[in-house]
Each structure stands twice: as structure tokens, then as C-alpha cells.
Amino acid sequence: KPSATTTTSTTTTDAPPPPPPSSANEADADFVRMMIPHHHQALVLSRLAPDRTTSSDLLALAGRIDVEQTIEITTMQQWQAQNGFDETDPESAYMMMMQDPMMIEMMGMATQAELDQLETLSGTAFDKLFLQLMIDHHQGAIDMCVQVMTHGQEPVLQSMANEMLTTQSTQIFQMQAMLTEIDQV
């Protein structure tokens with residue numbers, strides 16, 4: 001008599017389930033695609049400080065900017081991967097961005113001429129130009145954050161943009177105080 005129960009063995013080698021559909025819109029995707037190379041320039045600027053400044057305060061600020069924005073670049077690249085977008089390469093996107101003077105100005109970024117000048121300076125002259133360029137740079141990032149907070153819709157990016165806005169607003173305040181101190185000497 002045949003058995004009433006049949007045992008079948010199945011092994012699953014299926015790929016993990018796909019991520020849930022992204023709630024990101026074009027404003028979200030643009031924000032990340034543009035903020036990654038924007039952050040890359042902040043790294044370029046900050047990494048000039050150790051060899052050129054004599055200010056421990058400016059050196060500490062540059063170090064914080066470097067660490068924070070390196071982490072944020074990685075986080076934004078991970079967000080792109082998790083949401084089905086091509087991962088932006090910071091350096092190549094930055095090099096392309098530097099070819100567009102209107103974009104550089106719109107985003108508060110330093111021009112190549114300003115970067116070249118900064119590289120020739122040291123001491124107080126370096127500190128002053130660094131602070132001026134970084135204030136403009138941070139203001140450009142804040143404008144980008146406001147844009148995505150207004151037109152984007154992806155919750156993770158909304159939170160990230162809010163954190164960037166808060167951090168960079170605080171750092172602008174600190175840098176303005178440092179500039180004032182330099183001007184009073």
C-alpha cells in the first residue's frame with residue numbers, strides 16, 4: 001500500500017528578497033548625487049589645514065569637517081545602493097562639477113583659482129581664506145539641505161539633511177567667530 005504522506009526536501013538558494021520600493025523622488029536623488037562631490041571639496045579644503053594653519057581651533061574644526069563629511073559621503077553612497085541608484089564616485093563627480101563655473105557658484109564652492117591661492121598660504125592668511133571659503137561652502141550645503149527638505153520625500157534623507165543643516169549652521173557660527181577674532185588682531 002502506498003504511503004499517504006510524501007516527504008519532499010527543498011533547499012532554498014534563493015537570493016534575499018529585494019529591498020522595498022524606494023520612496024525617493026528626483027529631488028532626493030539629485031541631492032545625494034550633488035552633495036557627494038560637494039562634500040568631497042570640503043575634504044580637499046580641510047586636508048590642507050594640517051600643513052598650513054598654526055591655529056589649534058582651526059585644525060580641530062578642519063578635522064571634524066573631514067571626519068563628518070567622510071562618514072556622510074559613505075552614508076549617501078550606501079543610500080544610493082539601497083535605493084537602486086548608481087553610486088556616485090566622489091572624486092570623478094567633483095572633477096566634473098569643477099568644470100561648471102555656474103554650478104560652483106550656485107553651490108557655494110571654491111573655484112580652482114581660490115583653491116590654488118589657498119594652497120600657497122600659511123598661518124593667518126591661510127586661516128582667513130580657509131574660513132571664508134568654508135563659510136560659503138557650508139552655506140551652499142545648507143541651501144541644498146533646505147531644497148531637499150522642501151522638495152524631497154525620502155525619510156532617511158530628510159533626517160540626514162536636517163542633521164547636516166544643524167551641524168553646518170553651527171560650524172558657520174563658529175567660523176564667523178574665528179574670522180572676527182582674526183580681524184581683531
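**Notes on the pockets and the core**

1. Helix 1 and helix 7 each put at least two residues into the lining of the largest pocket, and helix 7 has the largest share, five residues. Helices here are DSSP runs (H or I, at least four residues), numbered from the N terminus. A pocket, on a 1 Å grid over the protein atoms alone, is an open set of points where a 1.4 Å probe fits, with protein on both sides within 12 Å along at least five of seven lines; lining residues have an atom within 4 Å of a point.

2. A word on the model: it is predicted, with local features needing pLDDT of at least 70 and side-chain atom pairs pLDDT 80 or more, while totals for chains, interfaces and linings use all residues. Numbering runs from 1 along each chain as its sequence is written, and side-chain values use heavy atoms, without hydrogens or water.

3. Back to that pocket: its lining includes Asp30, Phe31, Asp143 and Met144.

4. The second largest pocket is lined by residues including Thr54, Asp57, Asp127 and Glu181. Helix 8 gives the most here, four residues.

5. Phe31 also turns up in the largest nonpolar core, among the residues with the most contacts inside that core, which has 49 residues. Such a core is a set of buried (under 20% relative accessible area, 1.4 Å probe, protein chains only) Ala, Val, Leu, Ile, Met, Phe, Trp, Tyr and Cys residues joined through side-chain atoms within 4.5 Å. Helix 7 gives the largest share of this core, twelve residues.

6. Beyond its neighbours within four places in sequence, Phe31 is in contact (heavy atoms within 4.5 Å) with Met144, Cys145, Val148, Leu157, Ala161 and Met164.

Notes:
Buried means under 20% relative accessible area, exposed over 50%, partly exposed in between (1.4 Å probe, protein chains only).
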